[in-house]
Amino acid sequence: MIWIISGTQDGREIGAKLADREINKSPEKRQEILMTVVSQYGKVLAAHKGIDVEVGRFKQEDMVRIIKEKHIILILDASHPYAAIVSETARSACKEAGIDYVRFERPEISLPYYDKLYHAKDEFEAAGMAGKLGKSVLLTTGSKTLSAFVHSEALKGKKIWARVLPVSGVIKLCENLGMKAKHILAIQG
């Protein structure tokens with residue numbers, strides 16, 4: 001069995017292509033495919049014939065157990081580029097279990113020079129910069145870093161608009177942070 005750790009459109013596309021290829025093989029040569037995602041929404045997006053999709057966040061010992069129980073021969077890590085913890089955990093689990101680990105990295109896109117483009121080392125620095133640029137801020141960073149912006153002193157009194165996934169838990173997080181419904185843009189990126 002091949003385990004694909006997904007979390008991006010790239011991961012879903014890789015899984016679908018692999019599943020389509022495996023379906024055409026004879027049963028004795030076919031590899032089953034397990035894809036893991038972190039949300040029910042991700043599971044819906046990942047659904048494809050020939051792929052067993054499971055939801056969860058796994059510690060190293062859980063990964064090693066799953067590798068043994070499901071006879072995993074390879075982990076293909078196509079998680080989000082910023083999901084460093086899951087990638088490191090998967091690498092360590094593969095090493096412990098003695099199986100191959102492959103990391104998919106989407107090609108980097110170079111941004112052209114633009115005098116309105118600012119670089120920040122993290123969300124806290126970005127929030128500070130944003131507070132100096134205008135009265136309204138549109139965030140497309142998702143929900144994980146939203147609290148850094150909402151609680152930033154530099155953004156007090158500013159309108160913060162956030163593009164987040166359209167799932168109840170994320171909407172609830174926005175509400176718990178005090179965001180007004182009219183400033184929550186719940187759409188898939």
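**Exercise 1. Count the secondary-structure elements of the chain and describe its overall extent.**

Solution. Step 1: the chain has seven helices and eight strands, where helices (H or I, at least four residues) and strands (E, at least two) are DSSP runs numbered from the N terminus. The model is predicted: local features need pLDDT of at least 70, side-chain atom pairs count only at pLDDT 80 or more, and totals for chains, interfaces and linings use all residues. Residues are numbered from 1 along each chain as its sequence is written, and side-chain values use heavy atoms, with hydrogens and water left out.

Step 1: the C-alpha trace spans about 65 × 35 × 30 Å along its principal axes.

Step 2: the chain has 189 residues, of which 34% count as buried. Buried means under 20% relative accessible area, exposed over 50%, and partly exposed in between (1.4 Å probe, protein chains only).

Step 3: take the contacts (heavy atoms within 4.5 Å) between residues at least 6 apart in sequence; 55% of these join residues at least 24 apart.

**Exercise 2. Determine the strand order of the five-stranded open sheet, and find which helices pack on the sheet.**

Solution. Step 1: the order is β3-β2-β1-β4-β5, with parallel pairing. Two strands pair if DSSP finds at least two bridges between them. In general, strands of a sheet pair through backbone hydrogen bonds, either parallel or antiparallel.

Step 1: β3 (51-55) and β5 (100-103) are the edge strands, each pairing on one side only. From one strand to the next, the twist averages 20°.

Step 2: β4 (residues 74-77) runs parallel to β5 and is joined to β5 by four bridges. Within that pair, Asp 77 has Arg 103 of β5 as its bridge partner.

Step 3: helix α1 (residues 9-23) packs on the sheet and touches β1 (2-5), β2 (33-37), β3 and β4. The direction of α1 makes about 165° with that of β2; axes are lines fitted to C-alpha atoms, for helices over the stretch in contact, and angles run from 0 to 180 degrees between N-to-C directions.

Step 4: helix α4 (residues 84-97) also packs on the sheet, with β1, β4 and β5 as the strands touched. The angle between the directions of α4 and β5 is about 160°.

**Exercise 3. How many salt bridges does the structure have, and which residues does the network with Lys 25 join?**

Solution. Step 1: apply the criterion, a side-chain nitrogen of Lys or Arg within 4 Å of a carboxyl oxygen of Asp or Glu. The count is ten salt bridges.

Step 1: Arg 65 and Glu 69 form one of these, with the closest N and O atoms 3.3 Å apart. Both residues lie in helix α3, four residues apart, about one turn of the helix. Arg 65 is partly exposed, with a relative accessible area of 40%.

Step 2: Glu 105 forms a salt bridge with Arg 103 at 2.9 Å between the closest N and O atoms. Glu 105 is partly exposed at 49% relative accessible area.

Step 3: salt bridges that share partners join Arg 21, Glu 22 and Lys 25 into one network. Lys 25 is partly exposed at 31% relative accessibility, whereas Glu 22 is buried with a relative accessible area of 3%.

**Exercise 4. Is Cys 174 buried or exposed, and which residues are in contact with it?**

Solution. Step 1: Cys 174 lies in helix α7 (residues 168-176).

Step 1: the relative accessible area of Cys 174 is 0%, so this residue is buried.

Step 2: leaving aside neighbours within four places in sequence, Cys 174 is in contact with Leu 146, Val 164, Met 179 and Ile 184.

Step 3: the structure holds zero disulfides, a disulfide being a pair of cysteine sulfur atoms within 2.5 Å.
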